[in-house]
Amino acid sequence: MTQPDQYFPMKKTYILLLFSAATALLLAFSTTEPKDATELGQRLFADPILSLDSTISCQSCHLPEFAFADTARFSLGVGGRLGKRNAPSVMNMAARSHFFFDGRVLALEDQVLMPIQDSLEMRMTLPEVERRLRRHPVYAPVFQKLFGRPANVEDMATAIAEFVRTLETAATPYDRWMNDQPNGMSDAAARGRDIFIGKGRCFDCHFGADMTGDEFRNVGLFNGKDLNDVGRYAITKKPEDLGKFKVAGLRNVALTAPYMHNGQFKTLDEVIDFYNDPSRVVPDAINRDTTFAKPMNLTQWEKADLKAFLEAMTDDRFAKNDK
Ligand code: HEC
Ligand code: HEC
């Protein structure tokens, strides 16, 4: 897996520029016209015209080959502006009840409009998006055909959301193991699952088909000083929500480094070491969940098994990427 290259923001800007120019050209000359809302959404997801200077697409931060997450700690938006949170995977969104780390949005259709207007991301206005779509040689007639009216922001949001909902993953060693099918997970991963449920207590928060109960919890990454993202509290203003973040789903987690809302851990090993004893990493955390009252005392073998289990949740389509 490539290392996050947040230390070379300029290098990344150039690569992004080149990449978006290439995508724009490819999209402009591509003759196949999207057949349905999902295909239209896929095209828009990859198209930088949704950003102010036509350099950034959704895909610039949600990279398809990394399970639609970013490899940089903080993503770069229009003009190289640095974001404030790590861009998570947007796979397995269909069953989510809340979006963003603080859960500030409840519907995918509303979610997709946020990055377009975010001043650190795509920096666009919705009227300008509509104007561009309406005069676009490919999109204008496709919107008319698919939705029976001129291109508009609402139908665009529907199309992008439809596409995002198709990004579900269920073909993993873990799923096959659960269903008693061949080519399931290794013995190490199976032992890791026991730790995940038992000694590691991961399952208290990471459960269900996508390994998240869609709750907000505090793992101890808020101290009001250097770690000052208040998370869910910004939305609810309830003191008990200080430092709570949406529990991350764990499908394809082997591909979505760096980890956590602030991308502070570079590898799964670092994440596991953190959970083993959160107070060693952040001694002055505020409001940390009582699940972590005592260190887990995982042995190095147990840590390795736990990691093998997390890796067993990687979808087959990424198998070659996953080391
Ligand atoms: C400049 C980088 C950037 C761009 C461009 C971008 N995103 Fe994101 N995306 C992020 C970050 C960062 C977050 C997390 C923000 C937060 O939680 O506050 C995020 C979160 C999301 C989420 C919520 C995931 C979850 O688990 O709740 C979805 C869905 C999403 N983006 C879809 C899109 C779509 C669709 C587009 C294009 C219209 C897009 N993003 C463009 C960086 C980006
Ligand atoms: C008390 C609830 C809770 C427990 C217990 C818990 N987690 Fe988490 N987990 C979370 C929350 C909340 C996040 C998101 C935190 C953030 O972004 O700052 C998260 C994030 C993660 C991530 C990062 C995902 C990403 O893409 O950034 C991994 C990996 C993870 N947890 C694995 C585990 C493992 C392994 C265990 C058991 C050793 C565990 N978790 C125990 C609540 C929990």
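Reply: Happy to! The buried residues of H2 are Ala37, Leu40, Gly41, Gln42, Arg43, Leu44 and Phe45. Buried here means that 20 or more other C-beta atoms, placed from the backbone, lie within 10 Å of the residue's own; exposed means 12 or fewer, and partly exposed is in between. H2 spans residues 37-45, and with 7 of its 9 residues buried it is mostly covered. Helices (H or I, at least four residues) and strands (E, at least two) are DSSP runs numbered from the N terminus.

A word on the source: this is a predicted model, where local features need pLDDT of at least 70, side-chain atom pairs count only at pLDDT 80 or more, and totals for chains, interfaces and linings use all residues. Residues are numbered from 1 along each chain as its sequence is written, while chains are lettered from A and ligands numbered from 1 in the order in which they are written.

Now to the ligands. Ligand 1 is surrounded by 26 residues, the closest being Cys58, Cys61, Ser75, Phe100 and Pro115; a residue counts as near when its C-beta atom, placed from the backbone, lies within 6 Å. Helices H3 (58-61), H5 (113-117) and H8 (153-165) each give at least two residues to this shell, and H3 has the largest share, with 3 residues. By class, the shell around ligand 1 holds 18 nonpolar, 6 polar and 2 charged residues. Nonpolar covers Ala, Val, Leu, Ile, Met, Phe, Trp, Tyr, Cys and Pro; charged covers Asp, Glu, Lys and Arg; the others, Gly among them, are polar.

Around ligand 2 there are 26 residues, with Gly200, Cys202, Cys205, Ala248 and His261 the closest. Helix H12 (residues 268-276) supplies the largest share of that shell, 3 residues. The classes there are 17 nonpolar, 5 polar and 4 charged.

Finally, the backbone. Most residues other than glycine have a negative phi, and most peptide bonds are trans. The bond from Ala257 to Pro258 is cis, with omega near -5 degrees, and Pro258 sits in the loop between strand S2 (245-246) and H12. Asp180, in the loop between helix H9 (173-178) and helix H10 (187-197), has a positive phi near 55 degrees. Asp180 is exposed because 7 other C-beta atoms lie within 10 Å. Asp214 also has a positive phi, about 60 degrees, and is found in the loop between H10 and strand S1 (216-217). Asp214 has 14 C-beta neighbours inside 10 Å, so it counts as partly exposed.
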